[in-house]
Amino acid sequence: MEFRLILFLFVASIPAILAENISHGTIVVDGTTIVAQTDDNFICATIDWWPHDKCDYMQCPWHYTSVKNLDLSHPFLAKAVQAFNRLRIRVGGSLQDQVLYNVGNLTSPCHPFRKMKDGLFGFSKGCLHMERWDELNHFFNATSVMLTFGLNALHGRHKIKRSLWGGDWDSSNAQDFMKYTISKGYQIDSWEFGNELSGNGVGAHVLADQYGKDLIYLKKIIDGLYKGSQFKPSLVAPGGFFDQEWFAKILLISGSSILDAMSHHIYNLGAGVDPKLVSKILDPNHLSKAADTFSNLTHIIRRHGPWASAWVGESGGAYNSGGLHVSDTFVNSFWYLDQLGMASKYHTKVYCRQTLIGGNYGLLNATTYVPNPDYYSALLWHRLVGKVVLAVDSDASPFLRSYAHCSKGRAGVTLLMINLSNQTNFITNVQNSINIKLAVKEQNISRDSFSHSLKKTFSWVGVKASDGALFREEYHLTPKGGYLQSRTMVLNGIPLELTGTGDIPRLDPVHVNVKSPISISPLSIAFIVFPNFEAPACG
């Protein structure tokens with residue numbers, strides 16, 4: 001094991017050696033204060049409604065991955081979901097507000113989606129048959145999925161002008177669907193109302209006054225249908241792009257405790273066809289711009305709806321199905337993991353990745369169901385990173401992004417480090433803020449005591465410093481062959497590929513003496529787990 005580690009670190013450092021650019025720095029983690037908290041099931045992925053003939057930029061990357069026709073019997077699919085041991089999945093997307101549920105007293109024809117020139121997003125209304133809903137729920141139950149389902153929020157409304165839709169929401173079809181779901185014993189964690197109807201909308205929009213009133217009505221429906229049940233699903237909305245005035249207004253109109261979570265969508269890399277996608281992903285200034293959206297939403301919720309939490313209901317980086325040879329490759333994990341870290345700092349409870357499968361941005365390949373690199377990034381986060389967010393202070397370049405959380409399911413702290421530089425190898429010491437404060441207090445004590453204090457200061461462990469050997473766990477992520485747009489991620493020198501039986505490979509760390517500095521190679525990512533880090537905020 002030790003030889004393998006030395007070999008891996010040497011190979012990983014070759015680009016930095018050739019570039020002759022090494023930067024030394026310090027990261028201080030404050031384990032005394034909780035900055036924010038996510039949900040236990042922070043990681044989420046979506047299943048969309050797009051049919052196989054949804055095309056962008058002369059590409060049709062969705063294949064048969066729709067809610068309607070995804071191959072639920074594919075062994076890779078079940079194993080990929082089960083590896084999370086409780087993955088949150090959101091069923092929804094652009095066409096959800098055109099879906100009819102073939103149940104109850106539905107009077108409208110219930111046909112499959114088809115291309116239609118004047119239809120919303122170029123498609124007709126579609127249909128969800130209860131036989132398919134049964135199949136989906138059998139899969140969700142078998143794989144322990146935590147489900148969020150997006151309801152049609154345009155049913156019964158009419159188009160007033162351009163993209164504005166008006167009139168009251170007709171809840172009859174949704175109510176029949178929800179009644180059927182309850183009668184079958186299907187577990188729904190949350191019902192989401194509408195998709196991208198906020199502000200000026202995408203394709204269609206509804207005024208905030210009307211939307212707020214509809215939320216009150218839907219909450220009454222949920223309360224009534226689930227009366228006496230042991231578990232009542234949450235109400236999530238609006239599942240659209242953040243518009244400060246519109247989001248504030250639906251909170252004011254709907255009032256206290258109606259909305260449980262405010263979901264918004266983020267595609268901060270622009271169009272999937274943009275030739276500058278990779279340069280945007282590797283630009284720390286561009287990545288940091290998204291913080292304004294997170295910050296503003298946090299402010300709106302605190303001021304107008306402190307009973308609600310913030311969700312990212314959908315985020316794929318690049319819109320219009322993602323970027324071919326970018327969204328499905330290693331380089332995209334720089335954006336994705338940075339988003340997870342950033343969103344967490346701003347009290348985001350759930351982050352739904354567009355998509356689990358489908359388009360260019362799927363965690364799984366749309367035809368082979370083989371995991372793309374971002375799948376492993378999501379899985380590592382889910383397994384290693386706890387819900388308590390800690391403060392991090394760094395004197396390193398902006399190209400080294402750092403985030404810290406309490407570790408998941410055990411004591412200690414997990415640090416995520418993202419090196420966006422193509423030529424700098426960052427050599428970093430990690431310190432505990434507790435020790436720095438103690439060292440300052442003990443400056444005037446005896447030489448021997450000061451020596452002991454100094455040892456504690458430069459150890460990340462805490463005041464209970466030990467003379468024995470202590471280790472940290474390191475998970476270094478690089479692209480296969482050093483090619484940033486490789487579809488194969490490498491963990492500690494080992495390519496991550498499905499086993500011969502189609503199982504997810506082991507994600508094993510290397511163990512490193514805690515007193516040694518951390519080396520983060522150019523254009524690489526690392527999760528560093530400190531099992532003995534003293535952090536009172538972690539309980």
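Start by selecting strand 13 (residues 261-266) and strand 15 (residues 309-315): the two run parallel and are joined by six bridges. Strands here are DSSP E runs of at least two residues, helices are H or I runs of at least four, and both are numbered from the N terminus. Within this pair, H264 has V312 of strand 15 as its bridge partner.

A word on the model: it is predicted, so local features need pLDDT of at least 70 and side-chain atom pairs pLDDT 80 or more, while totals for chains, interfaces and linings use all residues. Residues are numbered from 1 along each chain as its sequence is written, and side-chain values use heavy atoms, leaving out hydrogens and water.

Now show the barrel, which eight strands close in the order 3-4-7-10-12-13-15-17 with parallel pairing (strands pair if DSSP finds at least two bridges between them). Next, pick P238 in strand 12 (residues 234-241); the peptide bond from A237 to P238 is cis, with omega near 5°. Another cis bond, also with omega near 5°, leads from Q354 to T355, and T355 sits in the loop between strand 17 (348-353) and helix 11 (373-384).

Which residues of helix 5 meet helix 6? Select A208, D209, Y211, G212, K213, L215 and I216 in helix 5, then W246, K249, I250, I253 and S254 in helix 6; contact means heavy atoms within 4.5 Å.

Finish at F121, in the loop between strand 5 (99-102) and strand 6 (126-129). F121 has a positive phi of about 60° although it is not a glycine.
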